[in-house]
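This report looks at how a protein surrounds its ligand, beginning with the overall fold and ending with the pocket.

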Amino acid sequence: MSCIFCKIIQKDIPAHVVHESDSTISFLDIHPCTKGHTVVIPKTHLSSIEDAGEHVLSTLLSGVQETVAILRKVLSPDAFSIGWNNGEEAGQVVPHLHVHILPRWKGDGGGSMHSIVQKDSVGTIEELAALF
Ligand code: AMP
Ligand code: ZN
């Protein structure tokens with residue numbers, strides 16, 4: 001199996017584990033964007049939220065919440081940016097679903113979710129809404 005995150009789950013390669021449950025592992029990102037940048041992964045290999053069942057989703061979110069609590073206690077950040085790159089074009093490099101948790105501090109110079117992409121949409125919001 002070639003997935004690097006599955007190798008971390010199997011303990012074939014080391015990681016700095018922040019939290020572990022029956023269903024998830026959280027570990028420090030090797031190329032951190034902020035102090036305490038952590039990724040949370042399900043112990044089941046799947047690449048996209050679209051492939052995840054209810055159990056994976058609920059336990060993954062619990063893993064995120066428990067990890068946030070640990071990061072809060074240890075690092076005392078002011079806030080967190082939490083999210084994931086879902087698909088290659090959105091920046092996903094490791095094809096094993098993982099949630100990024102970025103501790104944030106007042107004045108750290110980082111942006112919000114709105115700074116990820118800033119492309120004008122085509123057409124009006126009403127035209128788009130009609131598609132749904
Ligand atoms: P993504 O671009 O969403 O696929 O992010 C993958 C993340 O995994 C990146 O932030 C990498 O720095 C991180 N990463 C890759 N390999 C490892 C590893 N062995 N241990 C910890 N973090 C890793
Ligand atoms: Zn995997």
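The paragraphs below take up the fold, the ligand and the pocket in turn.

This is a predicted model, in which local features need pLDDT of at least 70 and side-chain atom pairs count only at pLDDT 80 or more, while totals for chains, interfaces and linings use all residues. Residues are numbered from 1 along each chain as its sequence is written, chains are lettered from A and ligands numbered from 1 in the order in which they are written, and side-chain values use heavy atoms, with hydrogens and water left out.

The protein has three helices and five strands (DSSP runs numbered from the N terminus, with helices being H or I of at least four residues and strands E of at least two), and along the sequence these follow the pattern α-β-β-β-α-β-β-α. Its C-alpha atoms fill a box of roughly 50 × 40 × 25 Å, taken along the principal axes.

Around ligand 1 there are 15 residues, of which Asp29, Gly91, Val93, His98 and His100 come nearest; a residue is near a molecule if one of its heavy atoms lies within 4 Å of it. By class, this shell has eight nonpolar, six polar and one charged residues, where Ala, Val, Leu, Ile, Met, Phe, Trp, Tyr, Cys and Pro count as nonpolar, Asp, Glu, Lys and Arg as charged, and the others, Gly among them, as polar. Both α1 (4-9) and β2 (24-28) supply at least two residues of the shell, and the largest share, three residues, comes from α1.

The table gives polar contacts to the ligand, meaning pairs of N or O atoms within 3.5 Å.

| Polar atom of the protein | Distance to an oxygen atom of ligand 1 |
|---|---|
| Asn85, side chain | 2.9 Å |
| Val94, backbone | 2.9 Å |
| His98, side chain | 2.7 Å |

The protein covers 85% of the 500 Å² of accessible area that ligand 1 has on its own, by the Shrake-Rupley method with a 1.4 Å probe.

Ligand 1 sits in the largest pocket, which means that more than half of its atoms lie within 2 Å of the grid points of that pocket. A pocket is an open set of points on a 1 Å grid over the protein atoms alone, with protein on both sides within 12 Å along at least five of seven lines, and its lining residues have an atom within 4 Å of a point. The lining comprises 37 residues, with Asp29, His37, Val39, Asn85 and His100 nearest the centre of the pocket.

Note on methods. Polar contact = N/O pair within 3.5 Å; in protein donor to acceptor, adjacent residues only side chain to side chain. 1 Å grid on protein atoms, 1.4 Å probe; cavity = no way out; pocket = protein on both sides within 12 Å on 5 of 7 lines; lining within 4 Å.
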